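Here's a quick walk through this model, from the single chain out to the pair. Have the viewer open and follow along.

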There are 2 protein chains.
Amino acid sequence: MTDLRQSLPVALDASGGDFGPPPLVEGAVEAARSGLKVLLVGERVRLHAELSKYPGSADLPLEIVDAPDVIGMDEHASDVRSRREASINVANTLVKTGRAGAVVSMGHSGASMASSLLTLGRLSGVDRPAILSHLPSRKGFVTLLDVGANADVKPAYLAQWAQLASTYLRVVEGKDAPSVGLLSIGEEDHKGNALTLEVHALLRQMPGLNFHGNVEGRDIFLGSTDIVVTDGFTGNIVLKLAEGEARVLFGWVRDALNASLLSKLGGLLVRSSLRGVAARLDPSSYGASLLIGVKGLSYIGHGSADARAVKNALLRADKAAQTGLIERLNAAMSQAGAATASTAV
Amino acid sequence: MTDLRQSLPVALDASGGDFGPPPLVEGAVEAARSGLKVLLVGERVRLHAELSKYPGSADLPLEIVDAPDVIGMDEHASDVRSRREASINVANTLVKTGRAGAVVSMGHSGASMASSLLTLGRLSGVDRPAILSHLPSRKGFVTLLDVGANADVKPAYLAQWAQLASTYLRVVEGKDAPSVGLLSIGEEDHKGNALTLEVHALLRQMPGLNFHGNVEGRDIFLGSTDIVVTDGFTGNIVLKLAEGEARVLFGWVRDALNASLLSKLGGLLVRSSLRGVAARLDPSSYGASLLIGVKGLSYIGHGSADARAVKNALLRADKAAQTGLIERLNAAMSQAGAATASTAV
């Protein structure tokens with residue numbers, strides 16, 4: 001059983017994204033060179049041509065699955081309903097039918113979410129899937145959700161996400177009793193908005209959840225909790241602010257190191273040390289975010305993903321597939337069902 | 001008229017805050033040394049003792065106004081209703097009665113807001129005052145509101161805040177037609193949550209407002225717009241995340257510079273250049289945030305404010321008082337009243 005699961009390839013939507021196949025195929029080739037099996041889903045002729053640029057790629061564990069259509073970055077997410085031959089739909093179907101262990105997409109985010117939701121369905125006990133992402137923190141990294149799948153929410157959604165993320169960290173990162181913080185505007189229980197006050201009450205009563213209480217914006221980079229739960233509006237702003245701020249601040253540091261002859265000389269001496277900090281802040285190191293709550297592994301990344309991000313996303317997806325994450329999430333949500341789904345929707 | 005206004009002192013709540021009078025008095029002394037008139041509001045005996053530590057302070061334009069009571073950091077904001085002799089109430093009354101041009105408090109934020117609201121009242125056309133703050137950006141700085149006064153909001157509040165902030169930047173910073181961005185999760189007009197979609201429609205139709213459209217989390221540090229409008233829940237998280245991330249990232253840079261002998265040497269050479277970046281990110285450089293929408297100038301800062309933050313807050317408050325900001329806000333809101341207050345509350 002374990003062997004069978006370990007042998008499943010990861011399906012990559014090799015057509016979607018801002019730059020089309022090139023960075024996607026390059027990332028897949030790199031992942032395949034480290035032993036990963038990848039199904040490249042897209043236009044067969046185009047992908048063949050792209051693959052032929054890599055000497056020896058014929059011997060790698062790569063296979064093309066033809067999908068003549070692609071949902072463009074400027075098209076409607078709802079198009080996934082009618083365009084069954086779109087690469088993202090074909091890729092999700094490979095997971096649904098058990099031919100792939102996970103799907104990775106750098107294409108139209110809304111379409112990727114919709115396709116996974118429609119094709120794979122929701123886990124029982126989950127009202128809405130969420131996008132789970134990571135940010136660097138003083139303790140290593142923090143797990144944040146929802147970062148954008150649900151702009152408007154109900155309290156029960158957040159309670160379910162807390163449960164899903166806890167199971168995720170337990171299974172994939174081997175973290176015992178991961179701590180959960182509810183993003184709010186004051187650490188005291190009674191501080192927050194109408195939504196967080198209701199969610200707080202739900203989380204307090206959830207059995208088996210290591211609920212730390214409210215956390216504030218500053219706690220994210222401090223790593224005060226392993227998990228930070230919030231609605232998809234706030235989470236998306238947090239993620240984009242955090243990534244954008246890191247980029248601007250690092251730009252300022254770079255400028256400062258070029259400000260004078262003396263600082264340029266110093267800059268040469270500190271460059272390799274600073275490179276480690278930059279790497280820690282690079283969103284490409286995570287590759288893609290997990291759409292958690294659907295009945296299958298679905299990773300969704302930036303349209304502008306480079307080959308490194310694609311490779312890292314494929315490796316992450318494979319790692320999660322090998323742990324049997326979906327089965328574990330399913331079991332956890334079935335147990336927790338009574339405490340969340342049915343209480344406050 | 002201008003001379004009279006220029007001669008009004010700034011009232012400082014010299015009792016509130018995490019550390020009591022010491023940093024408050026020190027900041028006031030520094031501001032007074034640069035010519036600013038300050039009314040120190042608090043326990044007369046205690047403040048006298050504190051002032052006597054500074055040689056020559058008797059000759060500075062400092063005056064003590066006795067207020068025997070103080071609302072502690074762990075007391076209830078609603079206490080301002082009954083405790084009229086609390087320092088924050090006495091300080092606000094000095095503004096109300098025309099004895100001071102502005103009030104600055106580093107005490108209990110909720111109590112400071114409540115006291116200003118109760119004592120000074122709202123400007124006509126303003127449903128709820130907001131806290132206006134600044135963050136550094138690639139273009140200099142960005143003006144963000146609300147950063148915490150209103151956890152739950154109605155669309156009209158944000159429309160009013162956009163108007164208030166535009167007038168503020170015009171009057172205090174001399175910025176012509178400042179651009180306004182609505183914080184959301186996608187640049188397209190139709191992206192956002194239920195709240196921002198309604199606010200977007202309101203802002204689009206406001207005459208005289210330079211509405212840029214939606215902005216995302218990443219736009220804040222890019223400085224895509226002069227002003228970013230959001231609800232007090234999201235804004236508070238943005239502010240605390242931004243400040244917290246800057247602190248953690250700078251800590252990592254500092255660690256990297258100490259990582260090896262070579263990087264330590266380089267660190268010595270780049271130190272002065274990096275100090276400029278650190279200063280740009282230091283929240284103390286702004287000192288305090290403006291409670292905008294009340295009939296009087298009220299600045300509210302961190303309980304942990306140091307003397308430098310206190311001094312900068314006093315200078316900012318005085319600058320705003322000299323521009324006649326309140327009269328200008330009042331005029332702007334009277335004109336805009338029809339377009340905001342009455343439409344969508």
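## Ground rules

First, what "buried" means here: a residue is buried if 20 or more other C-beta atoms lie within 10 Å of its own, exposed if 12 or fewer, and partly exposed in between, with C-beta atoms placed from the backbone. This is a predicted model, where local features need pLDDT of at least 70 and side-chain atom pairs count only at pLDDT 80 or more, while totals for chains, interfaces and linings use all residues. Residues are numbered from 1 along each chain as its sequence is written, and chains are lettered from A and ligands numbered from 1 in the order in which they are written.

## Chain A as a whole

By that count, 57% of the 345 residues of chain A are buried. Chain A carries 12 helices and 11 strands (DSSP runs numbered from the N terminus: H or I of at least four residues for helices, E of at least two for strands). Its radius of gyration is 21 Å, close to the 20 Å from the globule rule for 345 residues, so chain A is as compact as a globular protein of that length. The radius is taken over C-alpha atoms, and the rule is 2.2 Å times the number of residues to the power 0.38.

The C-alpha trace of chain A spans about 60 × 60 × 40 Å along its principal axes.

## Two domains

Chain A splits into domain 1 (1–126 + 293–323) and domain 2 (132–284), with bounds from an automatic or database domain assignment. Taken over C-alpha atoms, their centres sit 26 Å apart. Where they touch, domain 1 of chain A puts in 11 residues and domain 2 of chain A six residues; contact means C-beta atoms, placed from the backbone, within 7 Å. On the domain 1 side, helix H11 (residues 307–322) of chain A gives the most, with five residues.

## The pair

The contact between the chains takes 47 residues from chain B and 48 residues from chain A. On the chain B side, H9(B) brings the largest share, 19 residues.

Definitions and conventions. Two residues are in contact if their C-beta atoms, placed from the backbone, lie within 7 Å.
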